[in-house]
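Dear colleague,

Here is the structure for your files. My notes on it follow below.

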Amino acid sequence: MITTLADRIRGLASLFWREVAKFGAVGGVAFVIDSAVFIWLFSGPMHGSEVWAKAIATIVASIFSWVANRFWTFRHRKQANVVREAVLFAIMNFVGLLIASGCVWVAKYILELNDKFSLFIAGSVVGLILGTIFRFFAYRFWVFNEELDAEPAYSHDHEIIDLHHKPRTGAVDTVAAAPHTGELPSVKNG
């Protein structure tokens, strides 16, 4: 029983780390989108409005992120109610937006760092790291929280959980696997 439980936990951990890897890949592309839009906005059309530029960049990257996470990272956990899922995703991303924009606000108005490099680091590095940690757990446990899908296209996800489950070998299993002949198994001495 303990071995079965340990095997099940290893399978769940394997699935979890696969989700983390996919989430990281989506996040990497979203980071490029977010950073490019942020730099473009605060260097041009929104010069002097860095907090709003960060908010808009986060919204653009979040739209990409929702689509990629829904159809790739957490495809086996997507909710049947798309509207509910999108609303939860928007709420969680609003919190992530507040985290990233809050980091820019702190850098600009409390630490009085007004150069572009410092504001970029505050929003796109510190804010991104803190926001990403929050988003992963929010997406995993609140947004994309359905049980593994039963659709045939995703059946391999169930196998990942059971991948580490190996039949136990030993004297107990040998006796249990022996054909029933009505005789007791012989024990060799020596």
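W142 sits in helix α4, residues 116-143 (helices are DSSP runs of H or I, at least four residues, numbered from the N terminus). At 49% relative accessibility, W142 counts as partly exposed, since buried means under 20% relative accessible area, exposed over 50%, and partly exposed in between, with a 1.4 Å probe and protein chains only.

The model is predicted: local features need pLDDT of at least 70 and side-chain atom pairs pLDDT 80 or more, while totals for chains, interfaces and linings use all residues. Residues are numbered from 1 along each chain as its sequence is written, and side-chain values use heavy atoms, without hydrogens and water.

The largest nonpolar core has 12 residues, including V37, F38, L41, V104 and L119 (a nonpolar core is a set of buried Ala, Val, Leu, Ile, Met, Phe, Trp, Tyr and Cys residues joined through side-chain atoms within 4.5 Å). Helices α1 (2-43), α2 (50-73), α3 and α4 each supply at least two residues of this core, and α1 gives the most, with 4 residues. Another core, of 11 residues, lies apart from it, with F23, F89, A138 and V143 among them.

Leaving out residues up to four places away in sequence, F38 touches E50, A53, K54, A57, V104, L119, F120 and S124 (contact means heavy atoms within 4.5 Å).

L97 belongs to helix α3, residues 82-110, and is buried because its relative accessibility is 11%. Beyond its neighbours within four places in sequence, L97 is in contact with A55, T58, I59, G102 and R135. Its C-alpha atom is separated by 7.5 Å from that of G131, 34 residues apart along the chain.

Regards
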